[in-house]
Amino acid sequence: MGYIRAEEILPVEVVELIQQYVDGTNIYIPRKQENRQEWGTKTAYKYELQIRNDFIYKEYLSGATISALAESYFLSEKSIQRIIRQKRVSNVS
């Protein structure tokens, strides 16, 4: 995540006020609640993970072991177990 220099966008008075609290420190200013976006909305990564997890679940149902899946997908066995558990629950609903 890049940053913008405060003095480029804020009035001098505001910069001086902020400096009273944090002088020379990077700070994060969160988005307004109504402007927040769900994780993964700007990229296709969330969708790619969903496809990967579907493949993992299908391979598990076809007889692949958790340890083999973990090695194949470069994930921990706990992560594979979590994915399988989530897919099992979502398929029941």
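A pocket here is an open set of points on a 1 Å grid over the protein atoms alone, where a 1.4 Å probe fits, with protein on both sides within 12 Å along at least five of seven lines. The largest pocket holds about 1,100 Å³ of space. Welcome to a predicted model, in which local features need pLDDT of at least 70, side-chain atom pairs count only at pLDDT 80 or more, and totals for chains, interfaces and linings use all residues. Residues are numbered from 1 along each chain as its sequence is written, and side-chain values use heavy atoms, with hydrogens and water left out.

**The largest pocket**
- Lining residues have an atom within 4 Å of a point.
- There are 29 of them, and Tyr 3, Ile 4, Ile 27, Tyr 28 and Ile 29 are the closest to the pocket's centre.
- Helix 1 (6–9) and helix 2 (12–21) each supply at least two lining residues; helices are DSSP runs (H or I, at least four residues) numbered from the N terminus.

**Helix 3 with helix 4**
- The axes (lines fitted to C-alpha atoms over the stretch in contact, with angles from 0 to 180 degrees between N-to-C directions) of helix 3 (residues 45–61) and helix 4 (residues 66–73) come within 10 Å and cross at roughly 150°.
- Helix 3 and helix 4 are therefore roughly antiparallel (over 145 degrees).
- In contact (heavy atoms within 4.5 Å) are Arg 52, Phe 55, Ile 56, Glu 59 and Tyr 60 of helix 3 and Ile 66, Leu 69 and Tyr 73 of helix 4.

**Helix 4 with helix 5**
- Helix 4 packs with helix 5 (residues 77–92) at about 110°, their axes 8 Å apart.
- These two helices are therefore roughly perpendicular (65 to 115 degrees).

Terms used
Points joined across faces, edges and corners; volume = space filled by probe spheres on them. Parallel < 35°, antiparallel > 145°, perpendicular 65-115°, else oblique.
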